[in-house]
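Hi there,

Here is the structure I promised to pass on to you.

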Amino acid sequence: MTNIQTKQLSVIKKWIESAIPHLNANISVRLWNNEIIPFSPNSNTTIVLAINSADAIRKLIFKPKLMTVFELYSDGLYRYRRWYTPRSS
C-alpha cells in the first residue's frame with residue numbers, strides 16, 4: 001500500500017468512526033482492505049456494509065443522496081451482506 005493509500009484509509013476510518021455516534025446502527029462496515037469497523041460494541045456481525053473502494057466514500061461525501069447509494073451499488077463499489085450463522089441444536 002502506498003503512502004497516499006495509507007493516508008486515505010486513515011482519513012476514511014476517522015470519518016466513519018466520527019459518524020458512528022450519529023447513525024445508531026447495529027451493523028459493521030468492511031473496508032476494501034478487509035478491515036471491519038463495528039458501529040457499536042454490540043454490532044451485529046451478520047449485517048455488514050462492504051465498501052470496495054475509497055472512491056465510494058468520496059462519492060458519498062461529495063454527493064450524499066440516496067441516488068448516489070444506488071449508483072455505487074450498481075457500480076459494485078459497495079455491497080450489503082447478511083451472513084447467516086447456523087443455529088446450534
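**Where α1 meets α2**

In this predicted model, helix α1 (residues 3–23) and helix α2 (residues 54–62) have axes that come within 11 Å and cross at roughly 50°. The two helices are therefore oblique to each other, and α1 passes α2 in a left-handed crossing. On the α1 side, the contact is made by Q8, I12, W15 and I16, while α2 brings A54, I57 and I61. Sorted by class, the contact of α1 with α2 has six nonpolar residues, one polar residue and no charged ones.

Q8 sits in helix α1 and is partly exposed, because its relative accessible area is 39%. Although Q8 and A54 are 46 residues apart along the chain, their C-alpha atoms are separated by 7.4 Å.

**Where α2 meets α3**

Now follow α2 to its other helix partner. α2 and α3 pack at an angle of about 165°, and their axes are 9 Å apart. That angle makes α2 roughly antiparallel to α3. The crossing of these two helices is right-handed. A56, K59 and L60 of α2 make the contact with T68, V69 and L72 of α3. These contact residues divide into four nonpolar, one polar and one charged.

You will find T68 in helix α3 (residues 66–74). Is T68 buried or exposed? With a relative accessibility of 2%, T68 falls under the 20% cut-off, so T68 counts as buried. Leaving out residues up to four places away in sequence, T68 touches K59, L60 and K63.

**The buried side of α2**

Which residues of α2 are buried? They are A54, A56 and I57. These three cover an arc of only 160° around the axis, so they lie on the same side of α2. As a reminder from class, an α-helix has 3.6 residues a turn, so residues three or four places apart point the same way. What covers the buried residues of α2 includes α1, β3 (47–51) and α3.

**An asparagine to notice**

Next, please find N34, in the loop between β1 (28–30) and β2 (36–38). N34 has a positive phi of about 70°, although N34 is not a glycine. Most residues other than glycine have a negative phi. How accessible is N34, buried or exposed? N34 counts as exposed, because its relative accessibility is 54% and the cut-off for exposed is over 50%.

**The whole chain**

Finally, step back and look at the protein as a whole. The protein has three helices and four strands. Starting from the N terminus, the elements run α-β-β-β-α-α-β. There are 89 residues in the protein, and buried residues make up 27% of them. Take the contacts between residues at least 6 apart in sequence: 32% of these join residues at least 24 apart.

Methods:
Residues are numbered from 1 along each chain as its sequence is written. This is a predicted model: local features need pLDDT of at least 70, side-chain atom pairs count only at pLDDT 80 or more; totals for chains, interfaces and linings use all residues. Side-chain values use heavy atoms; hydrogens and water are left out. Axes are lines fitted to C-alpha atoms, for helices over the stretch in contact, and angles run from 0 to 180 degrees between N-to-C directions. Angles under 35 degrees count as roughly parallel, over 145 as roughly antiparallel, 65 to 115 as roughly perpendicular and the rest as oblique. A crossing is left-handed if the near helix is turned anticlockwise from the far one by less than a right angle, and right-handed if clockwise. Contact means heavy atoms within 4.5 Å. Ala, Val, Leu, Ile, Met, Phe, Trp, Tyr, Cys and Pro count as nonpolar, Asp, Glu, Lys and Arg as charged, and the others, Gly among them, as polar. Buried means under 20% relative accessible area, exposed over 50%, partly exposed in between (1.4 Å probe, protein chains only). The arc is that of the directions from the helix axis to the C-beta atoms.
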